[in-house]
Amino acid sequence: MASGGGAIGEHYMRVIRGDDGYDGGGGQHQEKPGAAVSVAKGAAAAAAAGSMLALAGLTATGTVVALIVATPLLVLFSPVLVPAAFAASLLAAGLASSGALGAAAVGVLAWMYRYLQSPSGEHAPAGAGKVEHARALLDAKAHDVGDWVQHRLDQART
């Protein structure tokens, strides 16, 4: 893309690039920071990045050492740990799915109770109109199929 801006406008492009001199407070212009401020920011960023990199290295080293220490124990106890982990994961999945399905069932039962207690659509719960519309469509389609079957039976008899 050219630096001119074309259809967007030169002022808008200067704002996007950040060289319009606007500091965001009261419409006043400010001077660009000096070289000393830029060097100080760079040094602070380098120090922060270096310390984070050192911590990442220590964490990776600790993980490898823990894996080296734990591997013989995992190999020794694997005939017990693997089936236990499999059973625990199945148990957790079963409990999570039964809880989710139970919550969904309670929600459906609550919706049905509110739907059945509301007198003829008055204060009907959300979605009741869609249910009635679907029921009417299904009823109409059932009558259409019944008429078609009756017509085909009449044709076959004659």
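Mentor: Start with the term helix: helices (H or I, at least four residues) and strands (E, at least two) are DSSP runs, numbered from the N terminus. The model is predicted, so local features need pLDDT of at least 70 and side-chain atom pairs count only at pLDDT 80 or more, while totals for chains, interfaces and linings use all residues. Residues are numbered from 1 along each chain as its sequence is written, and side-chain values use heavy atoms, with hydrogens and water left out.

The protein chain has 3 helices and 0 strands, in the order α-α-α from the N terminus. A salt bridge here is a side-chain nitrogen of Lys or Arg within 4 Å of a carboxyl oxygen of Asp or Glu; the count by this rule is 2.

One of them joins R157 to D154, with 3.8 Å from N to O. These residues sit 3 apart in helix α3, so about one helical turn separates them. For accessibility, buried means under 20% relative accessible area, exposed over 50%, and partly exposed in between (1.4 Å probe, protein chains only). R157 is exposed at 63%, whereas D154 is partly exposed at 37%.

The other pairs E132 with R135, whose closest N and O atoms are 3.3 Å apart. Both lie in helix α3 (residues 128–157), again 3 residues and about one helical turn from each other. E132 is partly exposed at 33%, and R135 is partly exposed at 48%.

As background, 3% of the 158 residues of the protein chain count as buried.
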